[in-house]
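Open the model in your viewer and keep the sequence panel beside it. Please follow the stops below in order.

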Amino acid sequence: MNRRSFFQKSLIGVAGTASLAAVSSSALAGLPEVISQKDNRTQGPWVPPQTEIPYQPVVTLNGWTLPFRLNEDVKEFHLVAEPVVREMAPGFSVNMWGYNGQSPGPTLEVVEGDKVRIFVTNRLPEPTSVHWHGQRLPNGMDGVSGLNQKPIGVGKTFVYEFTARRAGTFMYHPHADETTQMAMGMMGFWVTHPKVSSPLFPAVDRDYCFLLNAYDVEPGSKTPNVNTMLDFNIWGFNSTVYPQISPLVAGLGERVRIRVGNLTMTNHPIHLHGHEFEVTGTDGGPVPVTARQPEVSEDIAVGQMRQIDFIADEPGDWAFHCHKSHHTMGAMGHSLSTTIGVDHQGVVGRIQKLVPDYMLMGERGMYDMKTMEMPLPVNTFPMMTGTGPYGPIGMGGMFTVLKVRENLKKGDYTDPGWYQQPPNTQAYEWKGNTPKVTRAKETAPAPQKILASVKKPAGHQGYN
Ligand SMILES: [Cu+2]
């Protein structure tokens, strides 16, 4: 099929589209320049200079939108699949594979009915392909290597062309050696804005997006274990862990949209504090208005995307996080024994004769871990690192803060700092008398012997 007949076929059923493209071969002679991003911080919204249909651009958490080149009436993008180093948190960098300098790759943003051409250059050490998750497109553009196309060989560039027929929330990722390539971070976001806003696609003041990620990075190492199937230890938003993840900033009363896609190997119940939201869309399209219900958590299954909308009408700093509590922590051992209530007195000294740097932990729960200065191997993300105005936050990983402020300028995404609560609106300590704690009587004699299992950080197994 030549290019012209491809567009003619793909445009069937799309109303009000501009005249068909007649792209000259000379215009196609050069690839669009490679635009790369070295900065892992959230970049401001990208407003295209050639916008015909105005839309509220998205802001990708700790990410960016890839600018396009307009070639006649086709929006052209150039994605480069390549090894990258992603700083997931200060002092914690991971060797990944991504696109255009970062993992996840840049967000692609177009308008419903746009003709798009994406050049994909493969600078990885193995073949790849790109699947455009959720899109209506010709079968040969769907990106499953072997099924729809030959894989993009090392050093080769392939061209994908289709019309963004359906408005909504999408993502892209390889379908070639995908367990390796996705475990290494190859993924990106795609947003197709509607041509007109409607009750199905209400206009918003702020539109955020990010992907959920999981990696298995041994403490002290730098490259994810690509053979891990379920037991991941680093959980993040857009390959970033809190507190590196940017806050979600909103002006009081603004309508906010957050789009989330899940390319991890487990589900994530994403929970917003202080507000109710509605799921207004999925990667399958807008949710019918009559089917929307108020929620404060939304479970996002593997391979799913959710678009949530709400009015930010409660000022403050509101947690926004995965509700699986171990997903709001950094690297930690999963095989540790629970020691709550176990009296270690007298045992520690004896263990330290065998393991000199043995530390007592967990006897009264793990709260102290938040402040504990524990020697960690180089390039290890601590379990919990967020510090708020009142001390350690106790959550890391898949966690950020929705910051709702009065008098915030439209389009101002800068971090406004911590919220100052008005007087007499914060939980406070009771200063009166407290009743005596009554304990249940012991019915069994205290154990005479303690069986202690000592585990050192990974790489130092063998002490028991
Ligand atoms: Cu989770």
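The tour starts with the whole chain and then moves to single strands, a loop and a sheet.

**Whole chain**

This is a predicted model. Show the cartoon first: the protein has 3 helices and 24 strands. Of its 464 residues, 39% are buried. Now turn to contacts with a separation of 6 or more: residues 24 or more positions apart account for 74% of them.

Colour by pLDDT next. The average is 85, and 80% of the residues score at least 70. Then select residues 1–23, where the pLDDT is below 50. Beyond near neighbours in sequence, this stretch still has 30 contacts in the model. Where pLDDT is low, predicted coordinates should not be read in detail.

**Strand 10**

Select residues 188–193, which form strand 10. How many of its residues are buried? The count is 6 of the 6, so strand 10 is largely enclosed by the rest of the structure.

Strand 5, residues 108–111, runs parallel to strand 10 and is joined to it by 4 bridges. To find one, pick Glu109: its bridge partner in strand 10 is Val191. Next, show strand 9, residues 168–173, which pairs with strand 10 in the antiparallel sense over 5 bridges. Pick Met171 and look across to Phe189, its bridge partner in strand 10.

**Gln244**

Move to the loop between strand 12 (234–237) and strand 13 (248–251), and select Gln244 there.

Which residues does Gln244 touch, leaving aside neighbours within four places in sequence? Show Asn62, Met88, Ala89 and Pro90: Gln244 is in contact with each. Then draw a C-alpha to C-alpha distance from Gln244 to Glu87. The two are 157 residues apart in sequence and 8.9 Å apart in space.

**The sheet with strand 13**

Last stop: an open sheet of 5 strands, in the order 13-24-21-15-19, with mixed pairing. Its edge strands are strand 13 and strand 19 (297–300), each pairing on one side only. Look along the sheet for the twist, which averages 20° from one strand to the next.

Finish at strand 15, residues 268–272. It pairs with strand 19 in the antiparallel sense over 4 bridges. Select His271, whose bridge partner in strand 19 is Ser297.

Technical notes:
Residues numbered from 1 in each chain as written. Predicted model: local features only at pLDDT ≥ 70, side-chain atom pairs only at ≥ 80, totals over all residues. Buried ≥ 20, exposed ≤ 12 C-beta atoms within 10 Å, placed from the backbone. Helix = DSSP H or I, 4+ residues; strand = E, 2+ residues; numbered from the N terminus. Pairing = 2+ DSSP bridges. Contact = placed C-beta atoms within 7 Å. pLDDT = per-residue confidence, 0-100. Axes fitted to C-alpha atoms, helices over the stretch in contact; angles between N-to-C directions.
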